[in-house]
Amino acid sequence: VVLSAVVALGMIGAAVLAPWIAPHAPFTLATLDLLDAFTPPVWDAEGDPRYLLGTDDQGRDVLSTIMHGARISLFVGFCSVVFAMTLGITIGLIAGYVGGTTDAVLMRIADIKLTFPAILIALLVDGLVRAMLPRELHDRIALWVVIFAIGISNWVPFARTVRGSTMVEKNKEYVMAARVIGLSSARIM
């Protein structure tokens, strides 16, 4: 367990610090040399010590590319979970506290969402964004579309958990006391 935690923290640290510790800049075209393409890893007889994991077909250092790519993956993962969590907690709080028709409608939307695979929702979101926005914007907002698509696909577990907790808590004495002293529903939530 400790070893796996150390490896995971090392990988996260390498991703976060990639601009400063990566041996090469894989996305800077001026530093690429096509003559270095397909260099094998350093442990191979023909390997080059400048490229620990070798190079790809364009002469980019594989280790540096992995480190910089991990930054993007961590960013997308973190942002999409924060988005899904924020959306799910908000919907769960509203459904659990308000109850009645609002709760029924929001939970039926959650049930409908659960019937569709996440990849189908992601493709739908991507297709809608590409159809609605001009072509010049597609590359600039692609990362945010991915974050939105992943987040919108994963909000239901957060909403259901928070809804259940809210339904239990809303009938406790301290919530009743807050209602008696005149606090609004928004402040109580």
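Reply: A residue is called buried under 20% relative accessible area, exposed over 50%, and partly exposed in between, with a 1.4 Å probe and protein chains only. The model is predicted: local features need pLDDT of at least 70, side-chain atom pairs count only at pLDDT 80 or more, and totals for chains, interfaces and linings use all residues. Residues are numbered from 1 along each chain as its sequence is written, and side-chain values use heavy atoms, with hydrogens and water left out.

Me: What percentage of the 189 residues of the protein counts as buried?
Reply: The accessible surface comes to about 12400 Å², of which 71% belongs to carbon and sulfur atoms; such areas come from the Shrake-Rupley method with a 1.4 Å probe, and for residues only the protein chains shown count as cover. Of the 189 residues, the buried share is 26%.

Me: How many helices does the protein have?
Reply: Helices (H or I, at least four residues) and strands (E, at least two) are DSSP runs, numbered from the N terminus. The order of elements from the N terminus is α-α-α-α-α-α-α-α-α. With zero strands in the protein, the number of helices is nine.

Me: Why is the protein described as more spread out than a compact globule?
Reply: The radius of gyration is taken over C-alpha atoms, and the globule rule is 2.2 Å times the number of residues to the power 0.38. The C-alpha atoms fill a box of roughly 75 × 45 × 30 Å along the principal axes. The protein is more spread out than a compact globule because the rule gives 16 Å for 189 residues, whereas its radius of gyration is well over that, at 24 Å.

Me: How far apart do the centres of the positive and negative side chains lie?
Reply: Lys and Arg count as positive and Asp and Glu as negative, while His and the chain ends are not counted. Each charge is placed at NZ of Lys, CZ of Arg, CG of Asp or CD of Glu. For the 14 positive and 15 negative side chains, the distance between the two centres is 19 Å.

Me: What separates the C-alpha atoms of tryptophan 155 and glycine 88?
Reply: Tryptophan 155 occupies the loop between α6 (135-153) and α7 and is buried at 5% relative accessibility. Leaving out residues up to four places away in sequence, it touches Ala84, Leu87, Gly88, Ile91, Ile109, Ala110 and Lys113, where contact means heavy atoms within 4.5 Å. Although tryptophan 155 and glycine 88 are 67 residues apart along the chain, their C-alpha atoms are separated by 4.6 Å.

Me: Is alanine 18 buried or exposed?
Reply: Alanine 18 belongs to helix α2 (residues 18-21). Beyond four places in sequence, it touches Met67, His68 and Arg71. Its C-alpha atom is 5.8 Å from that of histidine 68, which is 50 residues away in sequence. At a relative accessible area of 1%, alanine 18 is buried.

Me: What is the relative accessible area of valine 16?
Reply: Valine 16 is found in helix α1 (residues 2-16). Its C-alpha atom lies 8.3 Å from that of methionine 67, at a sequence separation of 51 residues. Valine 16 is partly exposed, and its relative accessible area is 43%.

Me: Which residues does threonine 39 touch, not counting those up to four places away in sequence?
Reply: Threonine 39 is located in the loop between α2 and α3. It is buried, with a relative accessible area of 14%. Its contacts beyond four places in sequence are Asp48, Tyr51, Gly54 and Thr55.

Me: What is the phi of phenylalanine 38?
Reply: Phenylalanine 38 lies in the loop between α2 and α3 and is exposed, with a relative accessible area of 63%. Although the residue is not a glycine, its phi is positive, at about 60°.
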